[in-house]
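Q: I'd like a close look at one part of this model, please. Take it slowly and tell me how it ties in with what's around it.

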Amino acid sequence: IRLISGVQLDAFTRLRNSITGPAMLELHGLQRSGAYTALDLTVHRGEIVGITGLEGSGKDALARGLFGLEPMGEGEVLLEDKPYRAADPRQALDQGVAYLPRDRHGYGIVGLRPVRENVTLPILRKLLGAAGLLSGPKERSLVQQLIDKLNVKTPSQEQPVEFLSGGNQQKVVFAKLSSTRPKVLLLDEPTQGVDVQAKVEILKIVDQLAREGSAIMVIAEDIRELLDVSDRILVMFQGRIVQEFVVGEPGTSVERILSAVEGAPVTA
């Protein structure tokens, strides 16, 4: 890659979190027919939990269910020790849960609209002035802060998102999520469809958001990427969580995680 691009790439590895923050999201016996069964899971403030598995293992359905895109199913879900339910994405956002979809073109961005509008789309109500009209200066100030913070490369806030590179389009999606100040972030394949340098930058953004206090679930099939950014990795198989790996411990390796992904029993 260095010889092709002429750019020296630095790998990213998250400095592991001791997971001292309180529980932010808790699942107790969550199940939905045809999707997942008896899921028990806790994600703490500032923690990044990776979830992997084969296509159809239930990992993607879980994220969509928690965000209100699909029925969540039966069982108990707690957000900061309070019952959590979301019948649609607006209810999820209002409670502090944000979702980055795998398909950013279909669900993450409005390509023909400018960066500014994409970033503030989920929080327009919060930017209204006293007369009930959108406060332009307040909106532009917030957007510029996020552009600078996430290093979005764009000629201006008015640039249509479709004309940005794939990596910068994905950063715009992250800026949109950051604008909601989420308690919980559900990230479905956050580095899909971007170049290798942008992947590193996006992993740094995920790490930064966790250090600012968000509890993050990263759903991905790239195990090495999960090892770089996660504190723990959960493997789903046929709708169940079958194995948990703590990143940095001797028993955690690509080979052992792959074995669990394929349904093989993991020996001690």
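Which residues of helix H8 are buried?

A: A quick note first: this is a predicted model, where local features need pLDDT of at least 70, side-chain atom pairs need 80 or more, and totals for chains, interfaces and linings use all residues. Numbering runs from 1 along each chain as its sequence is written, and side-chain values use heavy atoms, without hydrogens or water.

In H8, the buried ones (under 20% relative accessible area; exposed is over 50%, partly exposed in between, 1.4 Å probe, protein chains only) are Ala198, Val200, Ile202, Leu203, Ile205, Val206, Asp207, Leu209 and Ala210. They pack against strands E3, E7 (184-188) and E8 (215-219), plus helices H6 (136-150), H7 (166-179) and H9 (223-229). Helices (H or I, at least four residues) and strands (E, at least two) are DSSP runs numbered from the N terminus.

At its start, a side-chain oxygen of Asp195 comes within 3.0 Å of the backbone nitrogen of Gln197. After the helix comes Gly213, with a positive phi near 120°.

Now follow E3, one of the elements that H8's buried residues pack against. Ser57 sits in the loop between E3 (48-53) and H2, and it's buried too, at 3% relative accessibility. Its side chain reaches the backbone oxygen of Leu54 at 2.8 Å. Beyond neighbours within four places in sequence, Ser57 is in contact (heavy atoms within 4.5 Å) with Ala35, Met236, Phe237, Gln238, Gly239 and Arg240.

Four strands make an open, antiparallel sheet in the order E2-E1-E4-E5, with E2 (36-44) and E5 (82-83) at the edges, each pairing on one side only. H2 packs on this sheet, touching E1 (23-32), E2 and E4.

The ring centres are 5.4 Å apart with planes at 35°, so the pair is tilted (Phe, Tyr and Trp rings, six-membered for Trp, pair within 6.5 Å; under 30 degrees is stacked, over 60 edge-to-face, the rest tilted). Phe67 is buried at 8%, and Tyr99 at 9%.

Definitions and conventions. A polar contact is a pair of N or O atoms within 3.5 Å; within protein, one must be able to donate a hydrogen and the other to accept it, and residues adjacent in sequence count only if both atoms are side-chain atoms. Two strands pair if DSSP finds at least two bridges between them. Axes are lines fitted to C-alpha atoms, for helices over the stretch in contact, and angles run from 0 to 180 degrees between N-to-C directions.
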